[in-house]
Amino acid sequence: MDRNWLVAGIIAAFIWTFSLGAAMTDPVLQSFFNAHQIISYKKISVGDSCDHVYKLRGKKNLFILKVLNLRRPLQKRRAVVRMTAWAGCEGLGPKLVWHDKTYHYMVMSFSKGRYLRPEDLKNPAIFEKVVVCMRKAHAASPSHVSGVSSYPLKVRALRRGEEVMSYEVHNFAQIFERLKDQFFNGTGDTCCNTISHADIKVGNILLEKGNCPMLIDWGEVTLASLYDDLGSFAHHFKLNIHQEKHLLTLYLERTPHAEEINHLQAHRRFAALNEAFWKMRVFCEKSKKNIITMNKSIDFLQGFL
Ligand SMILES: Nc1ncnc2c1ncn2[C@@H]1O[C@H](COP(=O)(O)OP(=O)(O)OP(=O)(O)O)[C@@H](O)[C@H]1O
Ligand SMILES: [Mg+2]
């Protein structure tokens with residue numbers, strides 16, 4: 001038994017080293033490593049993204065290297081790099097340090113902040129800073145994402161629902177039809193011309209010294225309604241009804257109208273359903289055996305109806 005574990009460990013270490021080595025021996029990256037005296041690197045394990053993230057240790061500084069998957073179109077990789085650079089300059093995110101010409105590699109300064117948590121938002125000063133940070137980010141010029149087509153959260157959620165449909169999950173077809181009738185058809189804000197981070201969640205907002213929020217991970221950036229980010233924020237940070245209204249009041253700098261509150265709630269539902277469909281899809285891809293997990297997701301969706 002011990003011997004088997006040893007062999008498995010050696011194989012795992014070999015695969016790990018080899019997979020890291022492939023990217024790290026690229027001469028383009030090596031030139032950055034030499035210029036910034038990088039002495040070690042460590043892969044940061046992440047969630048669902050197709051990009052790889054590494055922490056780099058230089059003689060003087062720490063950095064984050066993001067290797068953007070070449071399966072993403074060049075325009076999309078360029079948009080990610082440009083928005084990261086812009087957010088860094090505006091003090092809304094870590095500074096961009098370097099990128100290569102093909103937008104495959106992007107290096108940022110390392111933020112010593114920690115993840116923003118829902119309970120942090122009980123502090124009114126933090127709440128306000130985060131809302132202002134999102135509003136400023138939305139004011140970025142759409143030219144940063146030129147060549148990237150608009151991909152609203154509603155469309156994304158529906159697409160994920162369709163993907164789950166293709167796995168023929170028991171009961172899902174009926175539930176999906178009802179969800180579409182009740183929550184998707186004719187709901188939400190139809191404007192699609194604001195820069196949208198499109199992945200606002202715990203894990204993508206860091207809180208730095210002085211309670212300064214930093215947006216990271218522009219990997220999904222697109223043009224969409226401003227309510228996509230606000231709805232995602234409300235969902236992932238579990239805002240209560242008073243916080244929702246406060247969010248809009250701070251964002252709009254006035255009392256929100258009934259229609260604006262409806263938009264926020266509609267987009268919050270898109271975010272919740274998008275997450276539920278995504279989890280189901282990941283589950284379907286992996287295995288259909290764990291029926292308990294699947295039933296939990298179905299129960300969640302039924303709770304919506
Ligand atoms: N500039 C930074 N400073 C400090 N930590 C960072 C920085 N950028 C990323 N990280 C860390 O690396 C993690 C993954 O980075 P990022 O969110 O950009 O990648 P991702 O592959 O899109 O991840 P996910 O799919 O989980 O959102 C972050 O959650 C954070 O912990
Ligand atoms: Mg992330």
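Student: In what sense do strand S8 and S9 pair, and over how many bridges?

Tutor: This is a predicted model. Strand S8 covers residues 205-208. One of its residues, Glu-208, has Cys-212 in S9 as its bridge partner. S8 and S9 pair in the antiparallel sense, over four bridges.

Student: Which strands are the edge strands of the sheet?

Tutor: The sheet is open and has three strands, in the order S6-S8-S9. An edge strand here pairs on one side only. The edge strands are S6 (114-115) and S9 (212-215).

Student: Which strands does helix H4 touch, and what angle does its direction make with that of S9?

Tutor: Helix H4 spans residues 124-138 and packs on the sheet. The strands touched by H4 are S8 and S9. With the direction of S9, the direction of H4 makes about 35 degrees.

Student: Are H5 and H6 roughly parallel or roughly antiparallel to each other?

Tutor: Two packed helices are described by the angle and the distance between their axes. For helix H5 (residues 153-165) and helix H6 (residues 172-184), the axes are 10 Å apart and the angle is about 165 degrees. Angles over 145 degrees count as roughly antiparallel. Therefore H5 and H6 are roughly antiparallel.

Student: Which residues in H6 do the residues of H5 meet?

Tutor: H5 passes H6 in a left-handed crossing. On the H5 side, the residues are Lys-154, Leu-158, Gly-161, Val-164 and Met-165. In H6 they meet Phe-172, Ala-173, Phe-176 and Phe-184.

Student: How many nonpolar residues does the contact of H5 with H6 have?

Tutor: Sort the contact by class. One residue is polar and one is charged. The nonpolar residues number seven.

Notes: Residues are numbered from 1 along each chain as its sequence is written. Chains are lettered from A and ligands numbered from 1 in the order in which they are written. This is a predicted model: local features need pLDDT of at least 70, side-chain atom pairs count only at pLDDT 80 or more; totals for chains, interfaces and linings use all residues. Axes are lines fitted to C-alpha atoms, for helices over the stretch in contact, and angles run from 0 to 180 degrees between N-to-C directions. Helices (H or I, at least four residues) and strands (E, at least two) are DSSP runs, numbered from the N terminus. Angles under 35 degrees count as roughly parallel, over 145 as roughly antiparallel, 65 to 115 as roughly perpendicular and the rest as oblique. A crossing is left-handed if the near helix is turned anticlockwise from the far one by less than a right angle, and right-handed if clockwise. Two residues are in contact if their C-beta atoms, placed from the backbone, lie within 7 Å. Ala, Val, Leu, Ile, Met, Phe, Trp, Tyr, Cys and Pro count as nonpolar, Asp, Glu, Lys and Arg as charged, and the others, Gly among them, as polar. Two strands pair if DSSP finds at least two bridges between them.
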